[in-house]
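Please look through the model below with an eye to how its parts meet, and then follow the explanation from the contact between chains to the build of a single chain.

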Amino acid sequence: MTDSKYFTTTKKGEIFELKAELNSDKKEKKKEAVKKVIASMTVGKDVSALFPDVVNCMQTDNLELKKLVYLYLMNYAKSQPDMAIMAVNTFVKDCEDPNPLIRALAVRTMGCIRVDKITEYLCEPLRKCLKDEDPYVRKTAAVCVAKLHDINAQLVEDQGFLDTLKDLISDSNPMVVANAVAALSEIAESHPSSNLLDLNPQSINKLLTALNECTEWGQIFILDCLANYMPKDDREAQSICERVTPRLSHANSAVVLSAVKVLMKFMEMLSKDLDYYGTLLKKLAPPLVTLLSAEPELQYVALRNINLIVQKRPEILKHEMKVFFVKYNDPIYVKLEKLDIMIRLASQANIAQVLAELKEYATEVDVDFVRKAVRAIGRCAIKVEQSAERCVSTLLDLIQTKVNYVVQEAIVVIKDIFRKYPNKYESVIATLCENLDSLDEPEARAAMIWIVGEYAERIDNADELLESFLEGFHDESTQVQLQLLTAIVKLFLKKPTETQELVQQVLSLATQDSDNPDLRDRGYIYWRLLSTDPVAAKEVVLAEKPLISEETDLIEPTLLDELICYIGTLASVYHKPPSAFVEGSRGVVHKSLPPRTGSSESAESPEAAPSAGQAAEQPAVIPAQGDLLGDLLNLDLGPPVSGPPLAASSVQMGAVDLLGGGLDSLLRSDVGGSPAMGGGGGFAAPGPAVPAGMGAPLGSGLGDLFDLTGGVGTLSGSYVAPKSVWLPAMKAKGLEISGTFSRQVGSISMDLVLTNKALQVMSDFAIQFNRNSFGLAPAAPLQVHAPLAPNQSVEISLPLNTVGSVMKMDPLNNLQVAVKNNIDVFYFSTLYPLHILFVEDGKMERQMFLATWKDIPNENEAQFQLKDCSLSADAVSSKLQGSNIFTIAKRNVEGQDMLYQSLKLTNGIWVLAELRIQPSNPTLTLSLKCRAPEVSQHVFQAYDTILKN
Amino acid sequence: MIGGLFIYNHKGEVLISRVYRDDIGNRRNAVDAFRVNVIHARQQVRSPVTNIARTSFFHVKRSNIWLAAVTKQNVNAAMVFEFLYKMCDVMTAYFGKISEENIKNNFVLIYELLDEILDFGYPQNSETGALKTFITQQGIKSQTKEEQSQITSQVTGQIGWRREGIKYRRNELFLDVLESVNLLMSPQGQVLSAHVSGRVVMKSYLSGMPECKFGMNDKIVIEKQGKGTADETGKSELGSGKQSIAIDDCTFHQCVRLSKFDSERSISFIPPDGEFELMRYRTTKDIILPFRVIPLVREVGRTKLEVKVVIKSNFKPSLLAQKIEVRIPTPLNTSGVQVICMKGKAKYKASENAIVWKIKRMAGMKESQISAEIELLPTNDKKKWARPPISMNFEVPFAPSGLKVRYLKVFEPKLNYSDHDVIKWVRYIGRSGIYETRC
């Protein structure tokens with residue numbers, strides 16, 4: 001007799017029959033009936049009507065039957081809370097059963113019944129079971145506390161279960177310890193501040209002991225818990241690492257990965273000079289390689305994690321390239337991940353091998369894989385300069401295969417190679433052009449158009465090629481349309497005589513016939529540029545582009561550090577912080593790597609260090625590549641451009657006369673004749689957006705636009721504090737000095753008011769500074785033209801420079817000044833705000849910013865709170881920019897605005913900042929990273945002053 | 001942690017569904033989401049982890065049965081997969097092959113197991129040896145108090161994988177050293193890459209709670225001992241050729257005391273009863289390559305290829321290799337093939353685009369040869385034939401890594417049998433993994 005028959009009963013009146021059977025006197029029949037009920041439940045039939053009848057079967061000494069009834073209860077109790085109460089008695093009784101298996105079963109099941117009334121009755125039995133003599137019951141009860149907490153957290157706290165659970169960490173049985181750790185970790189996650197786990201060297205020692213003895217699953221719970229511990233110094237970190245490394249030989253991959261997580265995290269604290277550090281690095285490689293011989297699903301998890309590890313510590317696997325070679329029978333998800341890692345590990349040493357492999361892969365069957373392989377060849381070219389030539393020839397070989405998607409993918413990557421190595425491989429353009437007709441994907445079309453536009457002067461029939469694309473302009477995707485517009489404008493600027501019609505055509509298509517705002521805006525910008533000042537247009541559109549950097553797909557460093565703390569978990573598989581895919585309170589706590597607390601270093605960073613390590617870090621992703629609009633505004637924008645008055649430029653243009661009457665006439669018909677500008681054969685901007693006769697507004701409009709993009713070259717004054725008294729009269733024989741510091745148009749000055757409160761005339765003033773941290777010194781002598789009569793005051797602005805001699809002061813911004821007059825020499829000291837030292841060219845390139853942020857060690861990061869500042873992100877950004885703090889990128893993460901900023905001090909020190917602004921919270925969080933961490937505190941004060949005034 | 005576990009048949013019908021946590025919401029929705037988005041998905045599965053509406057699904061497939069674990073939290077992903085594999089092992093141990101029929105026939109048992117090995121989504125002891133003591137298909141027998149506490153202490157104890165009181169009349173154990181040797185060789189006979197991945201599988205039929213110690217010719221151990229008693233090992237090294245091997249990495253069954261391995265590199269354990277995988281290892285140095293393939297391909301004009309392949313066996317003449325198969329790829333435009341081979345049988349298989357040459361047995365230090373003339377259809381395809389590598393399959397009765405079992409000592413202090421009374425069998429099998437020579 002088999003049980004599968006229960007799956008096939010679909011008669012009518014079935015419930016009725018079952019009811020009868022459940023109430024039968026015969027045990028066997030009863031059991032059969034319950035089985036049928038469970039089978040129906042599994043396939044999704046509603047059998048809740050049988051509740052009372054099933055519960056009646058609960059009182060049995062047949063364990064199998066009892067388990068079935070419990071299973072039913074867990075499913076339906078919630079929908080029948082009143083009836084579920086009927087079961088309570090049996091549960092309570094079972095919790096006292098002499099058989100430990102039954103006691104455990106009862107407490108386990110009771111915890112799964114999420115009915116408030118039952119929960120009340122659960123407390124007493126649970127308390128007993130937590131102290132049961134049998135470890136099997138205790139380990140089950142430990143998990144039950146977590147269940148109860150999930151239903152009613154308050155109840156768990158009130159009943160003191162948390163303390164009992166903590167006691168279980170010292171239990172003699174390793175499995176009880178493991179389950180208690182798991183339960184506590186879970187509860188602690190929903191109370192981030194509670195310090196529930198209270199890990200200290202003693203409890204850690206207990207956990208490490210239990211680690212050697214418990215089941216593979218228990219080891220995972222304990223290792224995952226250990227990873228949250230913050231050792232107090234490098235010595236403790238090392239001793240924990242030593243006791244965790246044996247786990248790397250466990251057959252269970254999850255144990256291995258969790259051990260890797262602990263080691264990767266604690267390694268942060270070890271000094272790189274330590275012998276042990278090197279040993280540990282060496283020990284990590286073999287187990288990571290071994291993970292690749294696990295089943296494919298686990299390989300996938302391992303590879304996603306290795307991807308992170310390789311980014312964080314490339315030295316671990318740098319010699320293991322071969323193991324990531326793709327095998328023919330690997331599932332596609334494993335193949336794609338291996339490919340990613342191969343590129344990360346590619347270096348000059350192994351590039352030949354890698355290329356040979358990639359070329360093989362490009363002939364495989366799976367389209368996605370082939371595409372990725374082709375793309376990988378391009379990435380190798382960009383990453384390893386020496387291989388670029390070989391990569392290009394490999395790509396050309398692949399183009400010869402004429403396989404449609406291979407060709408398209410190759411063209412997309414060749415465009416990137418051109419961006420990286422301009423003027424080197426243009427000889428291949430002819431081959432590319434042969435394949436123009438086979439391109440049907442927007443990305444490939446856009447790439448090809450870009451190439452044609454960029455190298456228009458070398459392609460004889462560039463105009464024909466672009467014209468052929470123009471025919472179906474409206475059917476193209478936005479990406480292609482934008483690229484076509486830019487390419488034709490480039491072409492026009494390079495070969496103005498032959499391509500006027502083409503440019504007119506595309507401008508009108510983009511501005512008049514298109515509904516896409518991006519396209520229209522770009523069209524207008526080009527049009528206006530061309531009409532106001534073709535020379536400027538040339539400078540803008542044909543500006544030299546910054547080279548693309550080697551690795552555009554690196555995970556942003558703060559996110560990477562956070563993900564390292566989540567090795568083995570889903571977050572590491574998705575490469576996203578848990579908050580991105582977990583709902584509710586869990587996962588809100590952000591984890592961060594421990595700061596290095598080598599005994600010698602901790603003394604040096606004063607206030608900054610503590611907040612840096614403990615405080616949770618926000619995930620912060622800076623978009624690696626700007627969007628199209630950003631691309632246009634930032635990248636294409638070469639030198640600073642301000643909007644010149646239109647009249648002037650139209651005169652200039654008359655002289656240049658790049659364009660004949662063709663465009664002119666077109667414009668006239670467009671604008672409906674705007675004679676104001678049309679006179680000199682010059683340009684007028686098209687009608688719709690700009691009203692006729694708009695000399696000044698147009699100019700300023702453009703000016704505004706450029707201001708927005710980052711204020712290149714806008715020389716602004718930074719914030720100036722009101723004057724305060726530096727030297728009171730009573731201390732200086734009647735001379736009172738008050739003053740402040742300011743920075744205007746790139747120069748620093750000390751604005752002084754000297755007041756004579758004595759009875760005699762003062763004269764012969766002179767000033768001197770003591771050596772100070774940033775070498776501030778007067779750039780000119782103190783000039784008081786006339787003697788200062790009693791009760792008279794004079795305002796002086798003393799220019800300063802930063803070429804004086806340097807001595808580190810405490811505090812850093814302390815300035816000691818000596819003032820002399822005909823009476824005496826007086827000394828005073830004052831603190832200058834650091835922002836007078838922020839220089840105008842403190843805006844860092846994005847890529848540079850990313851690299852620098854990653855490069856600066858974590859222990860140099862300091863975090864501060866800016867209180868009571870309820871400005872919007874844009875307001876903050878523009879306010880700071882006035883004082884030369886530049887916003888490089890802005891990003892919205894989970895409703896918070898993140899600003900990434902840079903500033904440079906007069907002595908060349910860069911400070912990088914991440915500013916987090918929550919919409920409804922007036923407190924801003926500022927993270928500063930700088931190679932000289934001692935300035936952070938003062939930079940923070942500068943932020944504070946600037947934002948509050 | 002794991003919020004629920006579902007088992008589906010190939011049509012996407014649920015056979016088993018167990019929900020552990022409320023956060024995964026309506027059971028029906030979760031069950032359907034996986035069916036619609038993964039089982040019934042048009043495209044081939046692109047990832048074993050799928051996120052659907054903030055719910056993550058992990059799945060593995062065994063024949064045409066899908067096992068899916070569901071969660072809404074940031075769980076340990078590696079653990080979930082390890083658990084799913086373990087679940088499959090446990091089911092196989094209880095009722096054999098995982099098939100729709102077996103699952104339907106045993107659904108009560110599966111629910112019982114799921115209740116035991118996963119509590120609130122946390123995996124618990126899942127060793128079949130222990131589970132079988134109290135989850136049986138016959139319904140629980142009435143146990144004495146001692147039996148009960150024995151069960152619970154075993155399930156929660158340090159040695160969760162073995163129960164006490166096992167008795168055999170004959171104490172016996174079998175060790176299988178199973179290796180697969182992988183090679184990629186250039187046409188000139190240069191080794192491009194080679195590695196061995198090996199497993200030591202043990203079948204133990206021992207009474208009581210035997211303490212075992214396993215020793216092999218691990219270089220690190222031999223050298224360490226060498227330091228202690230230099231003379232002794234010096235002598236024995238003279239005695240037989242290759243002494244020790246360098247192991248790149250190894251992993252062990254959970255019964256092995258890892259901290260002891262880490263500190264002393266000794267492998268000691270109390271084995272589970274019956275068959276289990278004691279260790280896995282990987283070596284890359286000094287591998288004995290059992291066969292050498294020497295290819296010679298000559299293009300005679302545009303319509304003919306001459307292929308000559310010599311294989312040489314490179315091991316002791318007294319040993320015999322078996323199940324030898326050489327696969328020589330042929331171009332796509334092959335029209336006919338004539339083959340002559342000295343030994344075995346060779347056939348051109350058009351559907352596989354290859355000449356397959358099979359030899360039943362071959363002794364060591366021998367060589368054999370095949371020559372073939374391949375007629376080609378003229379094509380105007382400019383693309384050259386990519387010449388895929390020649391691959392080989394075989395089985396040899398030794399370990400290509402050079403691994404030797406030095407001892408397996410058994411101590412059972414409580415029962416009166418000693419190491420000498422245990423009958424031990426050791427077997428070495430080397431198989432080809434991916435064994436390729438480019439031509």
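A salt bridge is taken here as a side-chain nitrogen of Lys or Arg lying within 4 Å of a carboxyl oxygen of Asp or Glu. By that criterion, eleven salt bridges are counted between chain A and chain B of this predicted model. One of these links Glu112(B) to Lys67(A), with 2.9 Å separating the closest N and O atoms.

On the side of chain A that touches chain B, the element that gives the most is helix 8 (residues 135–151) of chain A, which supplies eight residues. Sorted by class, that side of chain A holds 47 nonpolar residues, together with 22 polar and 27 charged ones. Taken as a whole, the contact draws 96 residues from chain A and 84 residues from chain B, and the area buried between the two chains is about 7700 Å², of which 55% is on carbon and sulfur atoms.

Turning to chain B by itself, its secondary structure consists of nine helices and 23 strands, and its C-alpha atoms fill a box of roughly 85 × 70 × 35 Å along the principal axes. Of the 439 residues in chain B, 53% are buried, while the chain exposes about 20200 Å², with 49% of that area supplied by carbon and sulfur atoms. When contacts in chain B between residues at least 6 apart in sequence are considered, 71% of them join residues at least 24 apart.

Methods. Residues numbered from 1 in each chain as written. Chains lettered and ligands numbered in written order. Predicted model: local features only at pLDDT ≥ 70, side-chain atom pairs only at ≥ 80, totals over all residues. Heavy atoms only, no water. Contact = heavy atoms within 4.5 Å. Buried area = accessible area lost by both parts, 1.4 Å probe. Helix = DSSP H or I, 4+ residues; strand = E, 2+ residues; numbered from the N terminus. Nonpolar A, V, L, I, M, F, W, Y, C, P; charged D, E, K, R; others polar. Buried < 20%, exposed > 50% of the residue type's maximum accessible area, 1.4 Å probe, protein only. Areas by Shrake-Rupley, 256 points an atom, 1.4 Å probe, with all protein chains shown as cover.
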